[in-house]
Amino acid sequence: MHSAPTQHAMKKTIALLLSAVLLLTAARPASAQNTEPSKENFPSTETTLLQIGQAEAHPNAKHIRPADTSALAAPVKRPGLIRRIIDYYSRSNVDRTFEKKIDWSIAPGPNYSSDVGFGIGFLLAGLYRLDRTDSVTAPSNISIYGNFTTKKFVLLRFSGDNIYNKNKQRLSYSGAFVYFPGAFYGVGYQAGKEGYAQDLTTTMGAFRISYCTSLVGRFYVGVSGSIDYSGAKYKSSGMVEYMQRIDNNEIPKPGGQIGEMYDLWKDGKRYDPEKQDPFSNFIATTGDKPNAFNTSLGIFAQYDTRDVTFNASKGIFIKAEAKWYPEWLGNTRRTFGRFTLTFNFYQRLWKGAVLAYDLYADGTAGTPSWHMYAKMGGMERMRGYYEGRYRDKRLIETQFELRQKIYRRHGIVGWIGGGQVWGTDRFRWGNTLCSFGCGYRFEFKNRMNIRLDYGWGNFGNQNLPWDRKRSSAFLFTASEAF
């Protein structure tokens, strides 16, 4: 005779088997229940065992009678919105490029800049492999970024790298549309330092493409092309006439900022109303056109040993590029040329730490359109400066950045850098500007970070009421600055 425990175990096993059979029967369509078993509709041994295991794992399995399967068939409660968001980002940095055609992720984020106000940005990024059987070639990438702010600033940008043939060939592209109610400070270091700015609403469109192939190892040569358009709307501030009317007692001197500017004008000419409209003055002096179209053809050579192009932790990157803007390609201004040099170095230090160094130089031969001068500031170099406040024919910038992983996918950075522009003005070491700041990183894709940076620069012109604070900017985008 069987003992009581053995009998109980046998009854439990029989009940579970009956439950599994009933589940399988209920799961089959009505049409299938009236057909003879075949290889197509008969449940496999693996499926049957899996469902028996699910029944055994049910918390109330020992209380379920063979005929009562409603508890097992009850729908699973869907997680809440916050839980689903956390689960989404907890899985987003797993490399799925071998199993998906393209592995997409999206990240929204608020941002703020004194130049463009509060904004809502979004980032859509994807990683993919042109050949998913190739584990040697680095994954290709694409990113789409948008930002809309309270000061009517609109930015839509996309970029990507197609890497193939065992890292020997690369096709890169980028494009942007910008609607920017901004300002123009003039050309040259002195114009940027003085801080006179004229309101300038700019509509810009740009597209760039390049292709390179390996000659020997990691040494590449390639060709490039670009199309740029900038249209500008502006109007005179009328400050010269306005100050003169106050001086002639035609109108009373107002209070506030305008009254302070009048006092500065009369007190040793510390404010000059004739400099208040630098874009109008530049157009009148140079004969340049507010709406400018530029196209270029270029050649370049580069040496690249980085482990990942968009977030390197080791290796070096050197690129020298020469671009030609011929008048016969439709350039608004006469023919001019441009040369750029980039040198980047990356070194792992201790656990989770990377030291990154960047050197960039930009020089122009000839006379470019007003928007094609080398511009300091922006999202990659000399962060903290209004992009274009300092612009000229020649520019050089350098920066060190320490990147530290602090917990799982979270990290922080700190940087310090310097640079200057010249060409209209002479090169002087005393004209060097500084940039420093810190930032937060979140790895929302495998080796691809969301970047939140806050950068500071030099103080502005202390004589101008609107320019006395230290230059600063908040930045939100994908990938590292360099």
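Q: What classes do the residues lining the second largest pocket divide into?
A: They divide into six nonpolar, seven polar and eight charged. Ala, Val, Leu, Ile, Met, Phe, Trp, Tyr, Cys and Pro count as nonpolar, Asp, Glu, Lys and Arg as charged, and the others, Gly among them, as polar. This is a predicted model: local features need pLDDT of at least 70, side-chain atom pairs count only at pLDDT 80 or more, and totals for chains, interfaces and linings use all residues. Residues are numbered from 1 along each chain as its sequence is written, and side-chain values use heavy atoms, without hydrogens and water.

Q: What volume does the second largest pocket have?
A: About 340 Å³. Of its 21 lining residues, Asn311, Gly352, Val354, Lys405 and Asn449 are the closest to the centre. A pocket here is an open set of points on a 1 Å grid over the protein atoms alone, where a 1.4 Å probe fits, with protein on both sides within 12 Å along at least five of seven lines; lining residues have an atom within 4 Å of a point. Volume is the space filled by probe spheres set on the points, which are joined across faces, edges and corners.

Q: Which element has the largest share of that lining?
A: β15, with four residues. Strands are DSSP runs (E, at least two residues) and helices likewise (H or I, at least four), numbered from the N terminus.

Q: Gly352 is in a turn, then. Which strands form the hairpin there?
A: β10 and β11, with four residues between them; glycine 352 has a positive phi of about 80°. The two strands, β10 and β11 (residues 353–365), pair in the antiparallel sense over twelve bridges, where pairing takes at least two DSSP bridges. Phenylalanine 343 has leucine 359 in β11 as its bridge partner.

Q: How many bridges join β9 to β10?
A: Eleven, and those strands also run antiparallel. Lysine 319 is bridged to threonine 342 in β10.

Q: Switching to helices: at what angle do α7 and α8 pack?
A: About 80°, with the axes 11 Å apart. That makes α7 roughly perpendicular to α8, a label for angles of 65 to 115 degrees. Axes are lines fitted to C-alpha atoms over the stretch in contact, and angles run from 0 to 180 degrees between N-to-C directions.

Q: Which residues of α7 meet α8?
A: Met239, Tyr242, Met243, Gln244, Ile246 and Asp247, with heavy atoms within 4.5 Å counting as contact.

Terms used. Parallel < 35°, antiparallel > 145°, perpendicular 65-115°, else oblique.
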